[in-house]
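Let's take a walk through this one together, from a single side chain out to the packing around it. Keep the viewer open as you read.

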Amino acid sequence: MEERWDSDAPGVMTLPSGRLVRGRALALPLPEGPRPGFALYLLDREPPAVPWESRWVRWEDFGLPFDDRDAAARFREALERAGTERVEVACLGGRGRTGTALAHLAVLDGVPAEEAVAYVREHYSAAAVETPEQEAYVRAFEG
């Protein structure tokens with residue numbers, strides 16, 4: 001059975017394919033409503049255990065992932081799973097790392113890399129992708 005987010009729920013971004021992904025800040029309480037089926041956590045240290053399946057991308061605040069190849073594999077997995085599961089992408093503040101990862105998902109879903117940051121800022125948060133380094137990382141992403 002397919003489990004999807006409500007497209008109007010806070011933090012939920014619709015990708016061009018219609019897949020829905022929720023971005024959020026781990027510093028805030030878990031939103032009410034359905035829980036993720038899968039999550040991608042973008043933190044500089046291992047996240048706490050959660051009752052749903054999750055992956056961790058080691059990633060410093062305001063920086064880039066420590067391992068590009070691992071991060072790209074996790075982005076692809078998150079996008080694939082978003083076709084049938086509630087996927088959440090989250091970092092501490094829910095903007096920089098989360099926005100950067102969501103922009104990578106948008107590229108994988110067909111948005112040109114040069115337009116992906118603007119896409120995420122329009123469809124997720126105007127404050128997404130916080131640094132010029134993160135913007136350049138998205139523009140250079142080839143999937």
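Arginine 81 sits in helix H1; helices here (H or I, at least four residues) and strands (E, at least two) are DSSP runs, numbered from the N terminus. Despite its charge class, arginine 81 is buried, at a relative accessible area of 15%, where buried means under 20% relative accessible area, exposed over 50% and partly exposed in between (1.4 Å probe, protein chains only). Once residues up to four places away in sequence are set aside, arginine 81 touches Phe38, Glu53, Arg55 and Val87, and contact here means heavy atoms within 4.5 Å.

A word on what you're looking at: this is a predicted model, in which local features need pLDDT of at least 70 and side-chain atom pairs count only at pLDDT 80 or more, while totals for chains, interfaces and linings use all residues. Residues are numbered from 1 along each chain as its sequence is written, and side-chain values use heavy atoms, with hydrogens and water left out.

Stay in helix H1 and look at alanine 78. With 0% relative accessibility, alanine 78 counts as buried. Its contacts, leaving out residues up to four places away in sequence, are Phe38, Leu40, Val87 and Leu105. For a sense of scale, alanine 78 and proline 36 are 42 residues apart in sequence and 12 Å apart in space, C-alpha to C-alpha.

Now follow that contact to leucine 105. Apart from neighbours within four places in sequence, leucine 105 is in contact with Leu15, Val21, Phe75, Ala78, Leu79 and Val89. Leu105 is also among the residues with the most contacts inside the largest nonpolar core, together with Val21, Leu42, Phe75, Val89 and Leu102. That core has 35 residues; a nonpolar core is a set of buried Ala, Val, Leu, Ile, Met, Phe, Trp, Tyr and Cys residues joined through side-chain atoms within 4.5 Å. Who supplies it? Strand E3 (38–43), helix H1 (68–81), strand E5 (87–91), helix H2 (96–108), H3 and H4 each bring at least two residues, and H2 gives the most, with 6 residues. There's also a second, separate core of 5 residues, including Ala39, Tyr41, Trp52 and Ala90.

Where does its side chain reach? The side chain of arginine 97 comes to 3.4 Å from the backbone oxygen of leucine 42, a polar contact (a pair of N or O atoms within 3.5 Å; within protein, one must be able to donate a hydrogen and the other to accept it, and residues adjacent in sequence count only if both atoms are side-chain atoms). Beyond its neighbours within four places in sequence, arginine 97 is in contact with Leu42, Leu43, Asp44, Trp59, Glu60, Asp61, Cys91, Leu92 and Gln134.

Next, the H3 and H4 pair. Two packed helices are described by the angle between their axes and the distance between the axes. For H3 (residues 113–123) and H4 (residues 132–139), the axes come within 7 Å and cross at roughly 125°; axes are lines fitted to C-alpha atoms, for helices over the stretch in contact, and angles run from 0 to 180 degrees between N-to-C directions. H3 and H4 are therefore oblique to each other, given that angles under 35 degrees count as roughly parallel, over 145 as roughly antiparallel, 65 to 115 as roughly perpendicular and the rest as oblique. On the H3 side, Ala113, Glu114, Ala116, Val117 and Arg121 meet Glu135, Val138 and Arg139 in H4. By class, that makes 4 nonpolar, no polar and 4 charged residues, counting Ala, Val, Leu, Ile, Met, Phe, Trp, Tyr, Cys and Pro as nonpolar, Asp, Glu, Lys and Arg as charged, and the others, Gly among them, as polar.

Valine 117, in H3, is buried at 8% relative accessibility. Not counting residues up to four places away, valine 117 touches Ala103, Val129, Glu135 and Val138. Val129 lies in the loop between H3 and H4 and is buried at 2% relative accessibility.

Most residues other than glycine have a negative phi. Valine 129, though, has a positive phi of about 65°. Phenylalanine 62 also has a positive phi, near 65°, and lies in the loop between strand E4 (53–58) and H1.
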